[in-house]
Amino acid sequence: MSTKNRDYFFDNYKALLIVLVVVGHFIEPCYDNNVFLSGLKWMIFSFHMPAFIFISGYFSKREISFGKLVQKLVIPYFVYELIYYFLYVFIIHKETGLYFARPKFSLWYIMALFFWRLITPYLKKIPGHIFIAVTAGLLVGMTELDNFFSIPRILVFFPFFLAGYHFERDWFEKIKEKAGRLLAVFSLYLGGCLALVLTFRVHLTPKIFYGRYSYEEMDTGYGEGILVRLACYGVSFLAVFLISTIISRKPHGYSRLGQRTMPIYLFHGLVYSVLSATPLLESVSEIWQGILLIVFCLTLSWLLSMDGPNRFVTKVSSFPVPSFFGDGSGKNSGHFTGKSAGFGRKIKKGLSA
């Protein structure tokens, strides 16, 4: 997208979100140490990944080939899994295996994005598909799949991807015009949820927003867990739209962070993995230490948005793919040869990115 035609609203929104992703991870070992970090943890996880996934869905409407999907997501997933594996084994000496079916750290998002983009063009043809996705997200909490193929997160967060997929750009401006009303609705909704939690003494943990854990792992029954997750859907959707009303529509120095979210998302986990293997992050207890940690996260995000990390990510997502998958270069997107031609035409017709 040229600078002249670039929509800086999305760059600025993603810049905020990627910084919150980094902060959310780095305060994980210490958020229980003081009220400030605990409140920050709840705030971040209530909307940052739903918003990121919503925006990903919005930008997944363009038709591309299956080969391009493999090139941009599948190959990078295996490359970064290997990088994390070698870091865990040889640098921080963490016991692990090369489990490609169980994504390490934040790599679940790449796997999830592949499946969302693969499934959405077909699922969208089914009436009530968003309701189906919400139902699946609620029911998966009754299983014990853990991190297997990131199925719980894929299903729990899928409604946000679908909502973004169907969203129109001008709707954000209409929402901004009604920001005051939306704030009132959000406040009443959140207040009502908290009142019910206190009245019925529901056990809550930030894990309710992670999408990964079963209801049993969160110490709730099935019925209670479904109601809590349903309430979380409401909180997250309202927060996604409410935050959008305060995002600048103009270019800023920090807009670059939103243009280069992938290297920040992928590489901050390497730094976190090293630091979390030491007592450093766990020792953050004072508020001033928490603020210092946030400054570190901002600095790290800025460094990872520089040309070097960005070029590496670009090269990894540009590896050639086997001809069976189609033309990963995009020049003859979706063209297959021989027996795979019919399969290629079907994929090309259905896939979006």
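How many aromatic pairs does the structure hold? I worked on a predicted model, and the structure holds 42 aromatic pairs.

**Two ring pairs**

I picked Phe54 and Phe167. Their pair is edge-to-face, with 5.1 Å from centre to centre and 70° between the planes. Then I checked where the two rings sit in the chain. Phe54 belongs to helix α3 (residues 48-58). Phe167 is in the loop between α7 (151-166) and α8 (169-177).

Next I took Tyr84 and Phe105. Tyr84 lies in helix α4 (residues 66-91). Phe105 lies in the loop between α4 and α5 (108-123). They are 21 residues apart, and this pair also links distant parts of the chain.

Phe105 has 22%, so Phe105 counts as partly exposed. The cut-off for buried is under 20%.

**Charges over rings**

I looked for lysines over ring faces. Lys94 lies over the face of Tyr88, at 4.5 Å from the ring centre. Lys207 lies over the face of Tyr213, and here the distance to the ring centre is 4.7 Å.

**The core**

Which residues have the most contacts inside the largest nonpolar core? I listed Tyr13, Phe26, Met49, Ile53, Tyr80, Trp108 and Trp116. This core has 104 residues. Helix α1 (residues 8-26) gives the most to it, with 12 residues.

**Cavities**

How many cavities of 30 Å³ or more does a search of the whole structure find? It finds three. The largest cavity holds about 80 Å³ of space. I wrote down its lining: Pro50, Val156, Phe157, Phe160, Ile208, Phe209, Gly211, Arg229, Cys232, Tyr233 and Ser236. The elements giving two or more residues to this lining are α7 and α10 (222-244). Of the elements, α10 gives the most, with four residues.

**The largest pocket**

I turned to the largest pocket. Its volume is about 1,300 Å³. Its lining has 34 residues. Which of them lie nearest the centre of the pocket? They are Lys14, Arg117, Gln259, Thr261 and Met262. The elements that give two or more residues to the lining are α1, α3, α4, α5, α12 (261-276) and α14.

**One serine**

My last stop was Ser317. Ser317 is in the loop between α14 (307-316) and α15 (341-350). Its relative accessible area is 12%, so Ser317 is buried. Leaving aside neighbours within four places in sequence, I found Ser317 in contact with Gln71, Lys72 and Pro76.

Terms used. Residues are numbered from 1 along each chain as its sequence is written. This is a predicted model: local features need pLDDT of at least 70, side-chain atom pairs count only at pLDDT 80 or more; totals for chains, interfaces and linings use all residues. Side-chain values use heavy atoms; hydrogens and water are left out. Rings of Phe, Tyr and Trp (its six-membered ring) pair if their centres lie within 6.5 Å; planes under 30 degrees apart count as stacked, over 60 as edge-to-face and the rest as tilted. Buried means under 20% relative accessible area, exposed over 50%, partly exposed in between (1.4 Å probe, protein chains only). A charge sits over a ring if NZ of Lys or CZ of Arg is within 6 Å of the ring centre and within 35 degrees of the ring normal. A nonpolar core is a set of buried Ala, Val, Leu, Ile, Met, Phe, Trp, Tyr and Cys residues joined through side-chain atoms within 4.5 Å. On a 1 Å grid over the protein atoms alone, a cavity is a set of points where a 1.4 Å probe fits but cannot get out, and a pocket is an open set with protein on both sides within 12 Å along at least five of seven lines; lining residues have an atom within 4 Å of a point. Grid points are joined across faces, edges and corners, and a volume is the space filled by probe spheres set on the points. Contact means heavy atoms within 4.5 Å.
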